[in-house]
Structure formats: structure tokens, C-alpha cells
Amino acid sequence: MEKLERIQPNRQVIAFIFMVFLFQVQTEPLRYSVQEETESGSFVAHLTKDLGLGTGELEARSARVVSDDDKQHLLLDPQTGDLLLREKIDREELCGPIEECVLHFQVFLEMPMQFFQGELWIQDINDHSPVFTDREVLLKIPENSQAGTIFPLKVAQDLDVGSNGLQKYTISPNSHFHVLTRNQSEGKKYPDLVQDKALDREEQPEFSLTLVALDGGSPPRSGTVTVRILIMDVNDNAPEFVHTPYEVQILENSPLDSPILSVLARDADTGNFGNVSYGLFQPSDDIKQTFSINEVTGEIRLRKKLDYEKIKSYHMEIEAIDGGGLSGKGTVFIEVVDVNDNAPELSISSLTSSIPENAPETVVAIFRIRDRDSGDNGKMDCSIPDNMPFILKPTFKNFYTLVTEGPLDRESRAQYNITITVTDLGTPRLKTEHSITVLVSDVNDNPPAFSQTSYTLSVRENNSPALHIGSVSATDRDSGSNAQLTYSLLPPQDPHLPLASLVSINADNGQLFALRALDFEALQAFEFRVGATDRGSPALSSQALVRVVVLDDNDNSPFVLYPLQNASAPCTELVPRAAEPGYLVTKVVAVDGDSGQNAWLSFQLLKATEPGLFGVWAHNGEVRTARLLSERDAARHRLVVLVKDNGEPPLSASVTLHVLLVDGFSQPYLPLPEVAPERAQADSLTVYLVIALASVSSLFLFSVLVFVAVRLCRRSRAAPLGVCSVPEGHFPSHLVDVSGTGTLSQSYQYEVCLAGNSGSGEFKFLKPILPNFLVQEAGRDIKNNSNCRNSFVFS
């Protein structure tokens, strides 16, 4: 039985996804019969064979049996195809006095949908005996009653029907009376007591007889009642009802104790024999429980609530009895008028609570509606709200199918609360509402979406490894695992970009980290793409562009391109004593590897042999004379120039310049103090002596010859002095134009020559020219040419 209980149709919850509904209804019902009181689980029929189906098809098509009434009396075993009784059936409880007791049911199949009508005829068995309502019946018969007079007796009740019902009455043998069984139009059998001969009260004032009611069962059952007969004095006028039969209508919702009608009977006798009392004549249990009659006034009132759906009319016998015991009979027909007192009923046969989105037309529920009222009160209209993507389809009898109108979108709406409203057409209208909650299950149909199509992140150079530099964020409109995202770095489009060693991404939250310290001077910015992939099946993904900008830090000190500080011997700048104030001695050229204000350079004269003689322009590094030169000024000067950037904190570098004052460019050069400090002091007098002698002699030609001779001497051998004379035509005119980072306001052309490896140098001041190359390129050229084999142009 536990197995059978699990397959009850009204507990199944199934889902149908189909393209076309095919409903087939059998025109001729299946007819079966079973005796009442048959044990539960008894075999009724083999539906697989009767329906012409294959083995296992009932189970495959989710077959179930639905009865018309609320109680399920039948059970279907889909594995065997047997139709069984769920419980014992009591025909009298199910059908009452109706002889043909038929239980209507439907067999419901799915995929495709089919309905088969069935009828189960309940056969009556003789399980009830006739029963009289009273144990004793009292009859008062006047002694002048004539032979052949008929006296009605109380009827017996037998719940069985047909041949098993009440068939006849008998009475115990006596000489004055016999019983006659009378059939009425309703099929009931009534006993009448027939007088056989005249009575004599003085001879026998009382009779006690036994009335026996027999049914037609095998063996027959019987019931008895004692009939007590009192012989009364003569009363020759019986009461008579004024109107008979009485017909009246009453609403089924009439309140209790409502008056229905009043009956009236008159008796021609006078005195006690003319006093009439009223009563119900041999009422059934339903009549006695439903109606009452006032013995004095004859008013009939309602004792029990009426229900048109159970009993539509009542037929009762009433009697009027006078004081002498004579009685008159009357008939009352009461018709119950239906009112709309039953709301429609809705019962769900199949329900699907979750539907995948994007699915085609799908069955949500199969249900049946009914109304126990009749006429317009029992007609119904079924509807759902108009703003829902669902439709109702009538199928079979009062069965409806709720289906989706088309594919649903969970992202637009994930849940629907559908209210099915069933309204009857009565007055006033009654309605029943049933709510169904339908969840739309997610399908992975939405790719992740980044909050931005591109991200720009900034990080300062020299950052610490594993520094969090920013985050990317994406969302997915799906739910559950379909909305769980995994972030990743996509292969860079530039194959030379070592992305894997630069950044990493947290796969769970999209946070980006710098894996190593970045160098602005090596890499100012780089781009890459990140991807977000959900965990759906199949997985969907999207990508976004990330640009990382490296911010410059002041981590590079200024680098002096000129004069060179790594030469074996520094060059000396020659300045004629006749130079005017503002004479350009040289220019300090420097660059800074940083950018922006970190690369803005300023120049400052830090130390000088004779302060006030020379000055440095702060913005371009030009070293110029600050005043006129005199004979009293020392011939050699050592200047320390500080180059400082504009970073925070500022970084700086210094450069040392050697300046030699000469009377024209024919004067012999003296050694630098850094090369031979002791010898330079001794040679100072010689230089002045030569100049004095040259001035006194005024022999310009001699001076020119001496100057040319000295230069020729310097060319033939490397002199220990820091200044050399080289003919211009000896070297090719290889000029490089270097543009600084804002250190000069205009461009100047210099020809720089370093003689051999001596570290000596010489400048020839030429006309200004426009810059052609960057300072950085000039710096690289200077570094790559440690000996003076080329000419450079610095600006």
C-alpha cells in the first residue's frame, strides 16, 4: 500500500515542455462494476489492455485517475496498469436512495495529452435490514368502522435498493385484519391495515399485532413493529385539509426557524371530536430533521439549513387528527430554490514551479474548476491578469492548462505571482482566486560587463613589489554560478611587453598589483587587456583595456655632458683679456633622465678663484665675464658650477671649469693647476715675461711666428700642457648639434678638440647655429668618443 500511496495523481508535480497540444477524448466511457463493501486494493480492471496501450506506456505517460467528486475512490498502478479500489465503498453513503449508483472518473494521460472517461457501477448487496422508526404504532379505530376500511401504517426504511430493498409487509395472523402492501409512484412500499369484519368494543376493546417488513435479499432480511389497536367510540367525521396538495418554494439560504407555510384542516364534528391537531405523517429522517409543524396552528417551519446541491425538493405527508381519533391526510411539495451560495472551486492536477528562461511554450499548471450551484450560478469564467506572459487554454470539460506565451527572461523578471480567478455568473457573483508562484531559472545568456571599457591607472616609479595599483570591476546579469566571475590577464598585443613580470590580477575581485619596481626612464606607460569570464556552461566572457601610466620620481641626478668630467686631464677655456663684460666663456651642458619639473635644471656658480669676475646664467648654464678684465687679474681661474634639478628633494651635480686669461690667442699656454700645480706657478713668470717682451718688441710678425711655431711643436708631440693647437683641416668637419633641456636660450656652435689622450682641449668660437639633435644624443656621442677625434656643436 505504501507503494500505491506514492503514485497518487493528486500529489504528482510534473512539468510539460511541448510544441503542440494534442487532446484526445474517448467518446464512449469505459464501464466497470464492483460490489459495495469490496476490500480496498481489490482489482477493478486492467486499463493497459482496455485502453489499447503498450506495456509500461501508462507509467511513461504519467497516467492518473481523477474522480468527479472530491474523494478519490480509485487507484491506478501505472507499472501493472491495474485499476484498484483505494478503499471500501459504501453504496448507501455514496448514492443514498438512488438505485443506479455510478462513480464517474477520468483517466488522464500526458505526452500526448489524452482523456478517457470511465464509469464504475456500484452494485448493491443486502447489507441492511428494514427498520421501523418507532417500536410501537398506536391505532384508534371506531367501533362502527366497516369491513374493508383501510388504515395506513408507518412505513419501514431499508437503505438497500432494488431487489435488496423493502418488498412487502406481513402481519401476525388474526381474524379481524390483514395487511396490504401498496406501491407509490416514488417506488416506496407502504403498508395498509385492512379491516376484515365489524368490530365490537365491548367484545374486544384492543388488539396487539406484529407488523413484519421483508426485503428481497437472499437470504431476506426483516424488521418488525408492534401495532396496538384501540377500539374507540363512534366519531363519524374525519378532518379534511382545505388545500391539498400544498406547493411552496423556499430559498436554500433561508435562515433557521423560517416559516414555510401554514396548513388548515376542518372537522365537521363538534366538541372534542371537532378539535384538530396537526403532525407529519410517517416522515423520513431527513423530513423530521429539516421541518417541523405546529400541532395547533399547522405552521411548518425550517429546522435545518437547506442545500440545493444535495436535495432539490421535498415531498411530505401531513395529517390532521380530531379528538375522536379520526385523521385526514394531506400532501406538501416544497421546492428548494438555488441561490449563488457556492463559490467556484479550483483544484490543481499538475504544477511546475520553476521554468528555465528562454524555453519555448511551456506548461505551468493543469487544473480543474467547478461550481456546485446550478444554472447561471454554476456557469464559470476563468481568467488570469492581462500583464502576464501566460495564457489559459481550455482542454477537456472544466480542465484548463496554464502555459507560457513565449520564452521568459530571468534578467527582466525572475518570479511571477500568477493569480487564477474563477468567477461564476450568479447574482451576486462569487469568485475564487488561487495564486501560483513561478520561478524563472537562470540560463547563462548574459556575458560579463565591465564598468568601464577602458581603465587608466597611475603608479609612481620605484614602487614596492606587490603594490596594489587599482582594480577593474565587471558584473553579470545572470545569477548563481552563471554570475560568478573570474578575472585574468589576456596575452599582450605587443610580444615584447613582459606583462607577466609587470602586473598580476586577483582572479576573484579584479585587483591589479605591480609585481616589481617600475622605472619611468625605461617604461613610461604600457597597455594590456583584462578578461572577465563567468562560470556558466558554456562560459561567457568580455574584456577591457587597462593603461598603466608610470609617474616620474626625482631619482636621477643631473648629468653633465660638457665639459667632460671623466677625461684624464681637464680642458681649459681661453678668454682674451680684452673680452668685454658678458663675454661667453663656455657653456655647461647637462641633462636629467627624469621628466617634467624633475628635469628642469638650474645653474649656480658655487666656487670661483676670483669672485665677481665670472658669472653663470641660471637657466642656460652659460659662463660669461661679469666685468672687464685687467692685468691684475690672475691668469688661471678655477670655477665650480653646481647643476641642480627642480625635483623634491632636488638632486644636483657639480662641474669644475678651468679658465686661462690670455692676451690674444698667440700667447703660449700654461699648464693647468690640476696637472702640475708647482710647475704652473713657476711658468707664470715666464708667460708674463714672454708677453712683456712681445709687447716691447712690438714685433707682430715675431709673435705670429712664435705662435705658429708653438702650434707646430704641439702638433708634433704631446706636450704636458693642457692646451694644444691643432689645424682645423686635420680633422673632418663632423659636427653634432645637441639641444638641451632648457639650458640655453639660443644655440651656439663649438668645435671641441681633444688632442690624443692627453686630456687637453681647445675651443674655437664660431657663429650661432640652430639645434638639430637632442642633448641625450650628444651625451652618448661624447661618452663614446673619449679621444678628441670629432667636432661637436653644443647649444
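# Exercises on a predicted model

Lys-379 has a relative accessible area of 45% and is partly exposed; buried stands for under 20%, exposed for over 50%, and partly exposed for what lies in between (1.4 Å probe, protein chains only). The model is predicted, with local features taken at pLDDT of at least 70, side-chain atom pairs at pLDDT 80 or more, and totals for chains, interfaces and linings from all residues. Residues are numbered from 1 along each chain as its sequence is written, and side-chain values use heavy atoms, without hydrogens and water.

## Exercise 1: Salt bridges

Find the partner of Lys-379 in a salt bridge, and state how exposed that partner is.

Solution. 
1. A salt bridge needs a side-chain nitrogen of Lys or Arg within 4 Å of a carboxyl oxygen of Asp or Glu. By this rule there are 25 salt bridges.
2. Lys-379 pairs with Asp-376, at 3.4 Å from N to O.
3. Asp-376 counts as partly exposed, at 46% relative accessibility.
4. Side chains of opposite charge can pair when their charged atoms come close.

Next, describe the salt bridge between Arg-91 and Asp-124 and the parts of the chain that the pair ties together.

Solution. 
1. The N to O distance between Arg-91 and Asp-124 is 3.2 Å.
2. Arg-91 lies in helix H4 (residues 91-95) and Asp-124 in the loop between S9 and strand S10 (131-132), so the pair ties together parts 33 residues apart in sequence. Helices (H or I, at least four residues) and strands (E, at least two) are DSSP runs, numbered from the N terminus.
3. Both Arg-91 and Asp-124 are buried.

Solution. 
1. Asp-134 is partly exposed at 29% relative accessibility, and Lys-154 is partly exposed at 30%.

## Exercise 2: The surroundings of Asn-342

Locate Asn-342 and list its polar contacts with Glu-309 and Asp-373.

Solution. 
1. Asn-342 belongs to the loop between strand S27 (327-337) and strand S28 (345-351).
2. A polar contact is a pair of N or O atoms within 3.5 Å; within protein, one must be able to donate a hydrogen and the other to accept it, and residues adjacent in sequence count only if both atoms are side-chain atoms.
3. The side chain of Asn-342 makes such a contact with the side chain of Glu-309, at 2.9 Å. Another polar contact, of 2.9 Å, links the side chains of Asn-342 and Asp-373.
4. Residues up to four places away in sequence left aside, Asn-342 touches Glu-309, Asp-371, Arg-372, Asp-373, Asp-424 and Leu-430; contact means heavy atoms within 4.5 Å.

## Exercise 3: A nonpolar core

Name the residues of the largest nonpolar core that touch the most other members.

Solution. 
1. A nonpolar core is a set of buried Ala, Val, Leu, Ile, Met, Phe, Trp, Tyr and Cys residues joined through side-chain atoms within 4.5 Å.
2. The largest nonpolar core has 26 residues, and those touching the most other members are Phe-450, Val-472, Leu-512, Phe-526, Phe-528, Val-530 and Val-546.
3. Elements that each supply at least two residues of this core include S37, strand S43 (525-534) and strand S44 (541-551).
4. Apart from it lies another core, of 25 residues, among them Leu-51, Ala-63, Cys-101 and Phe-116.
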